[in-house]
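Let's take a walk through this fold, one spot at a time. Have the model open and follow along.

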Amino acid sequence: MSEAQERAWSELSPRYLLPAPRGEAATSIRPGSTIDPVEVWEREAPLIVEIGSGQGHAVVHAATQRPGDDFLAVEVFRAGLARTMLDADRAGATNLRLVEANAPEVLQHLLPAASASEIWVFFPDPWHKKKHTKRRLVVPEFAAIAAGALIDGGMLRLATDWEDYALQMRAVLDEAPQFERAFDGEWAERFDGRVLTAFERKGDRAGRSIRDLAYRRGARR
């Protein structure tokens, strides 16, 4: 990390970073480590979770634009989290918290079931080489985990600039029994709550189409 990021980690993490009791791996979450969102954010409000928040451009912008909602940024790269804290501090985003951990384990073990109003997966690592595609996040197991964390009627929003990953996401979520499409046609309209980030600009410059998806969590039986 840069000197500024090291300083941000030291000075700002007590305010922004959630404790993450570890399992076997450095970025795992120990089962049974569930938080109480009302205690963490000191209020009852809709909770939006961004998975793979990177340097935090999207989540910091959203948190400042939607002060009535609470936000959680999930990322495994410490430098990105440090940059997020710096920007959040400058913007006065008091409704944002961060966690350094693997996303599925955050959804399974850190958040209570049915606690998130929205989950965002914007431009996840496409693992575009054929031998690496098995590492992709959005697979049937992830769909079930995300469904467990969402409230009934909650939204799962996704975006990618890799066509084959977009097709995989859509196939996985169309088959997931807990979800239903929240869009007509082939793809969802661009989510207007997503600020234009470097990842999106990079994909656009490379001539790759940006594809959005939106799925609604069905009612539990």
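A word on burial before we start: buried means under 20% relative accessible area, exposed means over 50%, and partly exposed is what lies in between (1.4 Å probe, protein chains only). This is a predicted model, where local features need pLDDT of at least 70 and side-chain atom pairs count only at pLDDT 80 or more, while totals for chains, interfaces and linings use all residues. Residues are numbered from 1 along each chain as its sequence is written, and side-chain values use heavy atoms, with hydrogens and water left out.

Start with Asn 95. Asn 95 sits in the loop between H4 and strand S3 (96-100); helices here are DSSP runs of H or I with at least four residues, strands are E runs of at least two, and both are numbered from the N terminus. With a relative accessible area of 6%, Asn 95 is buried. What surrounds Asn 95? Setting aside neighbours within four places in sequence, Asn 95 is in contact with Trp 41, Arg 43, Ala 63, Arg 66, Pro 67, Asp 69, Asp 70 and Phe 71, contact being heavy atoms within 4.5 Å. As for Arg 66, its backbone oxygen lies 3.2 Å from a polar atom of the Asn 95 side chain.

Next, look at helix H5 (residues 103-110), whose buried residues are Ala 103, Val 106, Leu 107, His 109 and Leu 110. Their cover includes strands S1 (47-51), S2 (70-75), S3 and S4 (116-122), along with helix H6 (140-149).

Finally, two loops deserve a look for their backbone. Glu 42, in the loop between helix H2 (37-41) and S1, has a positive phi near 60° despite being a residue other than glycine. Glu 42 counts as exposed at 71% relative accessibility. Ala 114, in the loop between H5 and S4, also has a positive phi, near 55°, and is partly exposed at 33%.

Conventions
Polar contact = N/O pair within 3.5 Å; in protein donor to acceptor, adjacent residues only side chain to side chain.
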